[in-house]
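Open the model in your viewer and keep the selection tool at hand.

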Amino acid sequence: MELKSACRMLLFPIQMFYHIVRAGLLSLLPSSKKDLSKEVVLITGGGRGIGRHLAKEFAKQGAKKVILWGRTEKCLKETAEEISLSGSECCYFVCDVANREEVYKQAKVVREKVGDVTILVNNAAVVHGKSLMDSDDDALLKTQHINTLGQFWTTKAFLPRMLELQHGHVVCLNSILSQSPIPGAIDYCTSKASSLAFMESLTLGLLYCPGVSCTTVLPFHTNTEMFRGMRVRFPQLFPPLKPEIVAQKTVDAVRTDKAFLYLPWTMHALVILKR
């Protein structure tokens, strides 16, 4: 037993070196993009902001069906109508991802009325932008329930069928603040850090599940209604991202099975500098 353990220890650095070299070489090669024409995409928080642009981008790149989830029917309806006018099939369901029972109930309705979801995009999020002492307890709980626990319920609702089909993709719209928190948004930073841990664990757990992949997107400050009024240091050096660019890069990452996407790429340096 000791000899076996010693052999494993000796092999570990060799295996690690092999995988680093392999990953480096693969990153230099052009990636083929998978076809979306048979994919049924469900986007939480799909009525506005990045979610709305994601819906339009998935439709534009050929998704078979796009399903929108959200809490505000007016926004969902407007987005669904806009996408339908472009010639793509799109429908919506009012669903609060913070409500576990509602998620499971609406997931069943989606399967009965639309079919199996093959790409789940966990995009729904809220931010209150206050310090801990200035934050209302209910508001703090709401952020955690929507930004973090909501992913648990949606993934539990749709992942089992993806595993059965050996075909599927789980996407998370996270934030660079999950790795580089800022003051004044303690609820959001905490929820996104938890969300990142969830996705890292899920991604590792699905490594040996054929046909099922994960993508976690970590964008910098994006110019959406949710972050309106947010001030950034050195805006010339780090200008806010356009939501349509985030959507385009996200769909491209899904099509190339990219596990983690930093936007812009300079955010890699920010994480390294923080460490």
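**Stop 1: α2 and α7**

Select I50, H53, L54, E57 and F58 in α2, then P243, E244, V246, A247, Q248, T250, V251 and V254 in α7; these two sets meet each other. Contact here means heavy atoms within 4.5 Å. By class, this contact of α2 with α7 has 8 nonpolar, 3 polar and 2 charged residues. The classes are: Ala, Val, Leu, Ile, Met, Phe, Trp, Tyr, Cys and Pro nonpolar; Asp, Glu, Lys and Arg charged; the others, Gly among them, polar.

Now show the whole of helix α2, residues 49-60, together with α7: the two pack at an angle of about 50°, with their axes 8 Å apart. That makes α2 oblique to α7. Angles under 35 degrees count as roughly parallel, over 145 as roughly antiparallel, 65 to 115 as roughly perpendicular and the rest as oblique. The axes are lines fitted to C-alpha atoms, for helices over the stretch in contact, and the angles run from 0 to 180 degrees between N-to-C directions. The crossing of α2 past α7 is right-handed; a crossing has this hand if the near helix is turned clockwise from the far one by less than a right angle, and is left-handed if anticlockwise.

**Before moving on**

This is a predicted model, in which local features need pLDDT of at least 70, side-chain atom pairs count only at pLDDT 80 or more, and totals for chains, interfaces and linings use all residues. Residues are numbered from 1 along each chain as its sequence is written, and side-chain values use heavy atoms, with hydrogens and water left out.

Zoom out and colour by secondary structure: the protein has 8 helices and 7 strands. Helices (H or I, at least four residues) and strands (E, at least two) are DSSP runs, numbered from the N terminus. Of the 275 residues, 44% count as buried. Buried means under 20% relative accessible area, exposed over 50%, and partly exposed in between, with a 1.4 Å probe and protein chains only. Among contacts between residues at least 6 apart in sequence, 72% join residues at least 24 apart.

**Stop 2: α5 and α6**

Select helix α5 (residues 137-165) and helix α6 (residues 186-205), whose axes come within 7 Å and cross at roughly 20°. The two helices are therefore roughly parallel to each other. On the α5 side the contact includes L140, N147, F152 and L159, and on the α6 side Y188, S195, F198 and L202 are among the residues involved. Sorted by class, the contact of α5 with α6 has 7 nonpolar, 10 polar and 2 charged residues. α5 passes α6 in a right-handed crossing.

Which aromatic residues form one cluster here? Select F152, W153 and F198. The structure holds 3 aromatic pairs. The ring centres of F152 and F198 are 4.7 Å apart and their planes are at 40°, so this pair is tilted. Rings of Phe, Tyr and Trp (its six-membered ring) pair if their centres lie within 6.5 Å; planes under 30 degrees apart count as stacked, over 60 as edge-to-face and the rest as tilted. F152 is partly exposed, at 33% relative accessibility, whereas F198 is buried, at 16%.

**Stop 3: α4 and α5**

R100, V103, Y104, A107 and R111 of α4 meet W153, T154, K156, A157 and F158 of α5. That contact divides into 6 nonpolar, 1 polar and 3 charged residues.

**Stop 4: loop residues**

Most residues other than glycine have a negative phi, and most peptide bonds are trans. Go to Q166, in the loop between α5 and β5 (168-173). Q166 has a positive phi of about 55° and is partly exposed, at 48% relative accessibility. Next select D257, in the loop between α7 and β7. D257 also has a positive phi of about 55°, and its relative accessible area of 42% makes it partly exposed.

Then find the cis peptide bond that joins L263 and P264, with omega about -10°. P264 is in the loop between β7 (260-263) and α8 (267-274).

End at K242, in the loop between β6 (212-219) and α7 (243-255). K242 counts as exposed, at 53% relative accessibility.
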